[in-house]
Amino acid sequence: MSEQRYPDLTDEAIEQTRKLIGVQLRRYPRWKEAGKELIIRFALAIGSRNPLYLSEELTATNLFGTLLAHPTILSCFDDTFIAPGLPGIHALYAGADWEFFRPILLHDRITTTARLLDVAKKHGDFCGTMALQTGEVVYVNQEDETVARATSYVMRTPRDAARHRGKYMNITRYRYSPEELEAIDRAYEAEEIRGDVPSYWEDVQVGEQLPPIVKGPLSSDDMLNFVDIVRGTLSFSYFLDHRRRHPQDVHWDPETGMPDSWDASMVKDSVAQAFGFPFAHDSGIQRVCWLENLVTNWMSNLGFLESLKVRLVRPNFIYDTTWCRGRVVGKGVEDAKHRVELEVWCENQRGEVTARGSAAVALVSRQVDIFPPFVHFP
Amino acid sequence: MTTSESSTYGQITQEGLQRIRDRLGVYYHGIRHVGEITADAIRTYAQGMGERNPLFFDEEYGRKSPYGSIIATPIFLWTVRAITATNLGGLPGVHSFYGGSEWEYYRPVRPGDIISATYRPHDVVEKSSTYAGRMAIQYAQTLYVDHRANAVAKARAWSIRTERRAARERDRFRDVKKPRYTREDLEAIWDAYDREEIGGATPRYWEDVQEGESLPPIVRGPLRVVEIIFGAGRFDAFNTGVGASPGGNHYYRWSSFRKHLGFAEPDPETGVPDHPHRGHWEETMARLIALPGIYDLGPQRGSWLAQIVTNWMSDHAFVRRFYHELRRFNIEGDTTWVHGKVSRKWIEGDQHLVECETNCQNQRGETTGMGRVEVILPSRGAE
């Protein structure tokens, strides 16, 4: 375990990467258009049961008159994983701050611009010195309207240091009792979706809990559906092309001597172990989407999610179960918007918090105009 | 959510086969919402199969091609519906492998098409195998129709049902070792990728083709787990929920497992019920079916048996028929060399046709797939 296999994180390497700050980055969008298939498949891939994002039949009666997409579908146009430079240093998704300006509707064509905003040296018990890369993605639709902006966080963690420290290596696979599996079952069945019943701003109390939702136990099929739709993979000669451009972005399989993608760690424990995770794990982006699902379920079809800020604090491993929870921590009126502030977090079956963050939601008010907050006036 | 305790769970029984026979001839509809074909879907699926022909992904190139747009690869219709009909039940706990399929195409599939798939199970046959003893082969026919009521394609696919326990007892592949690649081995593969030729805009005329002529070979490998799970999984995206479930993650899979007790094969360590097809990307499940490693999704290998032909035939041709059958398994780390030759050349009415025979061979020299592709080529005489 002590041999040097991957580069250390040096101050010079961090300095070198700082030169990329502000440069518009080349991105490879998986999708260009929010087609029906994409909108529905994305909703299914995050386990959403909200008919607003799933049912074409409903579009005749919803306010949009067309199929609406989950706001975090934008991950399919750019997954916000911004981690240029620092070859040979691992990249772990650490969260994002999303600001949403407009709904995403059927047949919207989304283009993006992405850049690196900052690189900062950090310290932590996972791998000692690490580098936090802050990035930005701006999403624009075919009407040239800015739909959303995401500030993303990717932690660059030297693999050897993480492996030697072994922070998570004493974790064992969780054995679920039949009762625990039943409880997950019941939670799925109990999921509440407000739909057309408005959450009125006046009715919301500070301190009130959002009905929790459960996502798990995480299976490889969950990874298949999610990663396939958000990021995909570079297959066969496309991977060869990529490797020629980025010779260090490769995991050499010790058994066969063949090159593999680091993304294999989302399904293969041995690849995850090379950078200090004991088991295959989620993409991180998923938990941001799940917390969005928690909030959009609760806010009703008449609310608008204005911002969602999530930091990932522990890994979510295969077969872990994530309970998404939230609570109202504030409410106010500003710029004629009736807004509530939420605290949101993910908790696993061991009771550990794996992600935490906040959300701001604009709700309809009994006092003012009938228009819901997502409608734009000339 | 425990698996069925029934004593015939996981066994091929006469009662189970009868349940399948009872469903023969019944029409089942595909899931409607997958039918809208977008340029994005055509592109991402083609590239996941390793496709390098821009006719299948580059919209700018497609507009200038004889088709006037990009078109879908022959294997693409799999994404509209997985067609082996094993999800209709009858043999709970009995494993299912993709065996192959036979296609007839009537028109190209383009962005904007809306395609529905309806299938009809049509046969079940009992056989035996050295891998797992008793086995059953299930056949289904699928028809694809577009939003203008045009026939798009017809397919007949089969899946092979085997008993997991019998496979473990026989352990036929126990001596199969993972390959070990030297730098030279890898360089040879990468060189072959670099040499891959795409026929493209220059027509290949029927008159210029000789029976017996070889097609330039292509290579795909060494097979990586991400290419299986994140590159070729599309056809399963809506079918990971079993039975009548619309598919999808978390709640959807969970509730479908509950409805179809006996379908899930629990993870031995955590006790979590999970989909048995994960043997394609999880070693634990691959061991439960006595395979030496995780293995490819069959349609991906099937696609290569046509890619070698579509690379060669140029953008002026059309695949009219495509047959492929899989032999053995393509295991993670294996490298597949695809070879082919023109086996027949003839004229039918005003169509100038060639048939190509193709095959997949792995680095051990084993044949892992056979294909037959019938192509309409342009004729010098017809112009």
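1. A nonpolar core is a set of buried Ala, Val, Leu, Ile, Met, Phe, Trp, Tyr and Cys residues joined through C-beta atoms within 7 Å. A residue counts as buried if 20 or more other C-beta atoms lie within 10 Å of its own, as exposed if 12 or fewer do, and as partly exposed in between, with C-beta atoms placed from the backbone. The largest such core here has 206 residues, and those touching the most other members are A:Ile39, A:Phe42, A:Leu291, A:Val295, A:Val361, B:Ile42 and B:Val375. Helix α8 of chain A gives the most to this core, with nine residues. In soluble globular proteins, nonpolar side chains tend to be buried together.

2. The model is predicted: local features need pLDDT of at least 70, side-chain atom pairs count only at pLDDT 80 or more, and totals for chains, interfaces and linings use all residues. Residues are numbered from 1 along each chain as its sequence is written, while chains are lettered from A and ligands numbered from 1 in the order in which they are written. The model scores ipTM 0.90 and pTM 0.93.

3. Chain B has a mean pLDDT (the predictor's confidence in each residue, from 0 to 100) of 89, and 91% of its residues reach 70 or more. Over residues 235-245 of chain B the pLDDT is below 50, although this stretch has 40 contacts in the model beyond near neighbours in sequence. Two residues are in contact if their C-beta atoms, placed from the backbone, lie within 7 Å. Where pLDDT is low, the predicted coordinates should not be read in detail.

4. In chain A, nine strands form an open antiparallel sheet in the order β2-β3-β4-β1-β8-β11-β10-β9-β5. Helices (H or I, at least four residues) and strands (E, at least two) are DSSP runs numbered from the N terminus, and two strands pair if DSSP finds at least two bridges between them. The edge strands of the chain A sheet are β2 (111-124) and β5 (213-215), each pairing on one side only. Neighbouring strands of this sheet are turned by 20 degrees against each other on average, direction ignored.

5. Within the chain A sheet, β1 and β8 run antiparallel and are joined by five bridges; A:Gly95 has A:Arg311 in β8 as its bridge partner. Eight bridges link β8(A) to β11(A), where A:Phe304 stands opposite A:Ala362. Ten bridges connect β10 (residues 337-348) with β11 (residues 353-363) of chain A, and A:Cys346 faces A:Ala355 across this pairing.

6. Helix α8 (residues 285-299) of chain A lies across β1, β5, β8, β9, β10 and β11 of chain A, running at about 145 degrees to β8(A). Axes are lines fitted to C-alpha atoms, for helices over the stretch in contact, and angles run from 0 to 180 degrees between N-to-C directions. Leaving aside neighbours within four places in sequence, A:Val295 is in contact with A:Leu305, A:Leu308, A:Gly326, A:Leu342, A:Val344, A:Ala359 and A:Val361.

7. In chain B, ten strands form an open antiparallel sheet in the order β1-β3-β4-β5-β2-β7-β10-β9-β8-β6. Strands β1 (28-29) and β6 (214-220) of chain B each have a single partner strand, so one side of each is left without a neighbour in the sheet. Ten bridges pair β2 (residues 95-105) with β5 (residues 151-162) of chain B, and B:Tyr98 stands opposite B:Ser159.

8. The contact between the chains takes 58 residues from chain B and 54 residues from chain A. On the chain B side, α7(B) gives the most, with six residues.
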